[in-house]
Amino acid sequence: MAVEFHLFEYLSDNYGVLLRDDATGRVACVDAGEAGAVLAALKDKGWELDELWITHWHWDHTDGLEEVRAATGCKVIGPAYEGGKSFTFDLSVKDRDSFSFGGVDVAVWHTPGHTLDMVNYYMPSEGVIFTGDTLFAMGCGRVFEGTHDQMFTSMEKLRTLPSETVVYGAHEYTIANANFALSVDPENAALQARAKEVEALRKAGTPTMPTNMASELETNPFLRYDQPSLRAMLGMESASDAAVFSETRTRKDNF
Ligand code: FE
Ligand code: ZN
């Protein structure tokens with residue numbers, strides 16, 4: 001791998017990620033909810049920060065932005081959409097933009113729903129995507145600013161990723177997500193097995209991130225709106241994919 005990834009925890013259940021491009025030594029960080037945690041992770045690795053990539057405006061992803069910028073002189077990249085516009089980014093990015101990290105291409109995918117400004121950062125050559133609060137292990141973000149239809153469209157986009165793609169979501173919500181997933185997809189053997197797996201990981205204090213698309217397509221109910229078993233469980237055999245997604249999201253809100 002040309003890029004090294006380092007996951008770190010902050011606040012009660014957030015994940016940030018540091019990246020280092022081997023060829024150029026360039027270092028980036030995804031999100032900055034807590035400056036102290038970013039700076040400590042950099043110190044742990046002995047890396048100096050060049051770039052900060054912001055996924056969306058929520059405080060648990062941006063509160064440390066100015067302090068990290070002041071401490072490191074890093075360039076800050078973030079969404080050019082409403083919400084993101086309340087920050088000063090050195091580079092504002094929107095859907096289908098791309099930029100170079102060292103020599104590595106980073107594609108920007110707009111995935112609104114949780115917020116209107118949400119962007120995900122996809123590195124095709126590394127097979128890695130940072131999904132912020134759009135896609136989690138066995139879950140998706142709560143729809144705060146967008147509509148269920150917007151979030152559905154974002155799921156449709158993410159489903160086009162190659163199945164081997166490694167997915168870094170920004171929160172450790174996995175146990176709660178697994179419990180909900182089992183409630184709507186109880187006969188899914190892959191889901192049952194994975195629920196046991198993540199329970200053991202969390203008991204040992206091990207992060208369940210990153211995940212990957214293959215596993216999400218098998219176990220994440222928010223990506224499984226076209227599956228007969230899930231549809232039957234919801235009594236929505238002939239509904240549209242968007243309606244099945246919406247019902248699943250509503251049930252999770254009330255779970
Ligand atoms: Fe958020
Ligand atoms: Zn968040």
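Trainee: How many cavities of 30 Å³ or more does the count come to?

Mentor: On a 1 Å grid over the protein atoms alone, a cavity is a set of points where a 1.4 Å probe fits but cannot get out, whereas a pocket is an open set with protein on both sides within 12 Å along at least five of seven lines, and lining residues have an atom within 4 Å of a point. Grid points are joined across faces, edges and corners, and a volume is the space filled by probe spheres set on the points. By this rule there is 1 cavity of 30 Å³ or more, and the largest cavity holds about 70 Å³ of space. This is a predicted model, in which local features need pLDDT of at least 70 and side-chain atom pairs count only at pLDDT 80 or more, while totals for chains, interfaces and linings use all residues. Residues are numbered from 1 along each chain as its sequence is written, chains are lettered from A and ligands numbered from 1 in the order in which they are written, and side-chain values use heavy atoms, with hydrogens and water left out.

Trainee: Which strands each supply at least two residues of the lining of the largest cavity?

Mentor: Strands, like helices, are DSSP runs numbered from the N terminus (E, at least two residues, for strands; H or I, at least four, for helices). Here β2 (14-21), β10 (128-132) and β13 (166-169) each supply at least two lining residues, and the lining includes Tyr15, Val30, Phe130 and Tyr168.

Trainee: What volume does the largest pocket have, and which residues lie nearest its centre?

Mentor: The largest pocket has a volume of about 210 Å³, and among its 14 lining residues Phe136, Cys140, Gly141, Arg142 and Tyr173 lie nearest the centre. The elements that give two or more residues to this lining are α5 (174-184) and α9 (241-253).

Trainee: Which residues coordinate the iron ion (ligand 1)?

Mentor: Donors are N, O and S atoms within 2.8 Å of the metal (3.2 Å for Na, K and Ca), and water is not among the atoms, so sites may look incomplete. The iron ion (ligand 1) is coordinated by His56 (NE2), His58 (ND1), His114 (NE2) and Asp133 (OD), at 2.1 to 2.4 Å. Asp133 also bridges to the zinc ion (ligand 2), the two ions lying 3.1 Å apart. Both His56 and His58 are buried, a term that stands for under 20% relative accessible area, with exposed meaning over 50% and partly exposed in between (1.4 Å probe, protein chains only).

Trainee: Why is the site of the iron ion (ligand 1) irregular?

Mentor: Four donors count as tetrahedral if all angles lie between 85 and 135 degrees; four count as square planar and six as octahedral if opposite donors are over 155 degrees apart and all others between 65 and 115; anything else is irregular. The angles among the 4 donor atoms of the iron ion (ligand 1) are 82 to 174°, and the site is irregular.

Trainee: How many salt bridges are there?

Mentor: A salt bridge is a side-chain nitrogen of Lys or Arg within 4 Å of a carboxyl oxygen of Asp or Glu, and by this rule the count comes to 18. In one of them, Glu51 meets Arg26 (2.6 Å, N to O); Glu51 is buried at 2% relative accessible area, whereas Arg26 is partly exposed at 28%. In another, the closest N and O atoms of Arg142 and Asp253 are 3.8 Å apart. Arg142 lies in the loop between β12 (139-140) and α4 (148-158) and Asp253 in helix α9, so this pair ties together parts that are 111 residues apart in sequence.
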